[in-house]
2 protein chains.
Amino acid sequence: MKNLKVAILGFGNAGQAFAKLLIDKKEEIMQGMNYGIEVVAITTRSRGSLVSENGVDLEKACKDITESAKFDENDKSYSNITSMEVVEKVNYDVLIELTPLVIFSGQPAIDHIKKALKRGKHVITANKGPIAWAFEELKELAKKQNCLFYYETTVMDGTPIFNLVNDTLRFCKVTEINGILNSTTNFVLEELAKERPFDEVISEGKKRGFIEADPAMDLEGWDAAAKTAALLNVLMSADITPNDIDRTGISGISVEDIKKADERGNVIKLLCHGSMKDGKVAGIVKPTEVGKSNLLASITGTSSVVSITTDLMGTISIVEHDPEIEQTAYGIFSDLLRILSKL
Amino acid sequence: MKNLKVAILGFGNAGQAFAKLLIDKKEEIMQGMNYGIEVVAITTRSRGSLVSENGVDLEKACKDITESAKFDENDKSYSNITSMEVVEKVNYDVLIELTPLVIFSGQPAIDHIKKALKRGKHVITANKGPIAWAFEELKELAKKQNCLFYYETTVMDGTPIFNLVNDTLRFCKVTEINGILNSTTNFVLEELAKERPFDEVISEGKKRGFIEADPAMDLEGWDAAAKTAALLNVLMSADITPNDIDRTGISGISVEDIKKADERGNVIKLLCHGSMKDGKVAGIVKPTEVGKSNLLASITGTSSVVSITTDLMGTISIVEHDPEIEQTAYGIFSDLLRILSKL
């Protein structure tokens, strides 16, 4: 039985759900893949960190965070070590980057990943920033260092997109991508269609947790642009950033616009699009009318869709229905299984 | 450079499209996978067969079939050898089973596959019969013989279903499957909704090639039942046959039924379903009302969908849009690439 040492940066909802999945599937991984998984470090920004060469107590870590919102300072593995210190100094095999997204730079996640790759460590990230802002560089670095670098969770949680194309559409060239990838705007547009005032919709969304305290990132299309850049960087080798996406948010959309679209048999969705234009990959995020009988119109609430057009396989779409945090956890977990299968 | 010897049984539209793809991608396979592909046999029922140890001339084979609807009797590789004789006697590495479907038995395809596996040969089939009628036996035989056995094309052409679950949803247990998988019934239901008489719809469908000379296999739900059995056998280890599917066709659906559904905001679709019931996998094919804003309602014409629910990844759906014969060819091709990647 071999051991794989894992360091986890960030321990929010996704990290905790991932830890629970790891606890649940520990035996199955040992039996199915002949590997024991040891979490040798977990860092947080304000809840303390844990470091232990022999593996931290994952069940206790989850319990402490749930019950007292921080790690136990009396635990022998408790530490004030920072994420970057873990990246640079701890002895791990796989870095799992789950720090919060900083949408306009992708930092400090990019630096964490670079440093880990430079040390020859495998990396998994659920943070779309690095894939949206620095994918080409990270990909090349991983290749040079002979490291595995996976990021399935960055778009549509654990729903296979990157692995779908990589593993099951071999030899296909992706020529076009379309999708609905931001649930906040999807929710707002649906509620506006019920003729509810914009402010009321936003404040309800905030209460229900769909909408961030500062909703601009979503409403102005930045989140969708980051996901579009990530998709185009990975699947079409675009080498672009969210700044390169032709981006229009939904704040200009009125109830009147939605009514007029309805009269034409349409709904308005914030669509993400990518295709070749003058020899380069061009990405667009903008509110678009789609027919009510179109698949895109059926994507409501927190569900999302990506349609992929390729030279050999025409167009296929993959839909994630009503995801919960467990689906994010599964995405990280599936990347870890992928690493185990290639070691 | 190594060589992989391939024998193709059946050379209808799918076989020809596959051959063209193989010709197109020959160089890419050599460069990317370090293998040359040699087609050492092609059989047909009434157009002659070709056999050559050193590889038949694939371009000439395609040209002859297109131009004169049969192979060239003066070709030195021309032969009257039967499919079973090829299976038993020819020196090949991979058997590609593309003989026509015999929906109530899966034969002679099942026997071809068994015999090839017993000889220790890898097998690809695009014929859903064997997967619907004899999957468990064939799977076990392939395992025992240490042979690869792939069948992605049998449901939804080249759209990844089986490979999607196998490669990208590891450790997930499939708990439920839903889908729309038969385009003939999809077309008929849509046309009936326009208040067109049943007979007129059927004869137009026949003219346009959507509907077989004997439409009963589709209209009575046998084709959908075979695909459902195949899905449940592979993804839920059901070990059932199409006879075990609780099957209702669409011949009992009237224009009146569709109108009433429409008044309720619904459309009628022939749905395929599978889930656990009393500890066993139960499959159902039956006309079902679905809301017009449901994803299932957006699946029209020749498009199809499978929704897969798993314990770890919730529900995801995969949609194939307006497939052509090239997508069938890609399915076979992708199985061949999969074999190459595992040799």
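**Exercise 1. Find the strand order of the sheet in chain B, then its edges.**

Step 1. In this predicted model, the open sheet of chain B has 7 strands in the order 4-3-2-1-5-6-7. Its pairing is mixed. Strands here are DSSP runs of E with at least two residues, helices are runs of H or I with at least four, and both are numbered from the N terminus. Two strands pair if DSSP finds at least two bridges between them.

Step 2. Strand 4 (78-79) and strand 7 (149-150) of chain B each have a single partner strand, so one side of each lacks a neighbour in the sheet.

Step 3. Check one pair. Strand 2 (residues 35-43) and strand 3 (residues 49-51) of chain B are antiparallel, with 2 bridges. Ile42(B) stands opposite Leu50(B) of strand 3.

Step 4. Contact means heavy atoms within 4.5 Å. Helix 13 (residues 325-342) of chain B lies across strands 1, 2, 5, 6 and 7 of chain B, at about 160° to strand 6. Axes are lines fitted to C-alpha atoms, for helices over the stretch in contact; angles run from 0 to 180 degrees between N-to-C directions.

**Conventions.** Residues are numbered from 1 along each chain as its sequence is written, and chains are lettered from A and ligands numbered from 1 in the order in which they are written. The model is predicted, so local features need pLDDT of at least 70 and side-chain atom pairs count only at pLDDT 80 or more, while totals for chains, interfaces and linings use all residues; side-chain values use heavy atoms, with hydrogens and water left out.

**Exercise 2. Identify the strands that pair with strand 8 of chain B.**

Step 1. Strand 8 (residues 174-180) pairs with strand 12 (residues 304-310) of chain B, antiparallel, over 6 bridges. Glu176(B) stands opposite Thr309(B).

Step 2. Strand 8 of chain B also joins strand 10 (residues 266-277) of chain B through 4 bridges, again antiparallel. Gly179(B) stands opposite Cys272(B).

**Exercise 3. Classify the packing of helices 8 and 9 of chain B.**

Step 1. Helix 8 (residues 183-193) and helix 9 (residues 198-208) of chain B pack at about 135°, with axes 10 Å apart.

Step 2. That angle makes helix 8 of chain B oblique to helix 9 of chain B. The classes are roughly parallel under 35 degrees, roughly antiparallel over 145, roughly perpendicular from 65 to 115, and oblique for the rest.

Step 3. The contact residues include Phe187(B) and Leu192(B) of helix 8 and Phe198(B) and Arg208(B) of helix 9. The contact divides into 6 nonpolar, 1 polar and 3 charged residues. Ala, Val, Leu, Ile, Met, Phe, Trp, Tyr, Cys and Pro count as nonpolar; Asp, Glu, Lys and Arg as charged; the others, Gly among them, as polar.

**Exercise 4. Describe the sheet of chain A and a helix pair of chain A.**

Step 1. Chain A holds 13 helices and 13 strands. Its open sheet of 7 strands has the order 4-3-2-1-5-6-7. Strand 5 (residues 94-97) and strand 6 (residues 122-125) of chain A are parallel, over 4 bridges. Glu97(A) has Thr125(A) as bridge partner.

Step 2. The axes of helix 1 (residues 13-33) and helix 2 (residues 58-68) of chain A come within 10 Å and cross at roughly 145°. Among the contact residues are Leu22(A) and Cys62(A).
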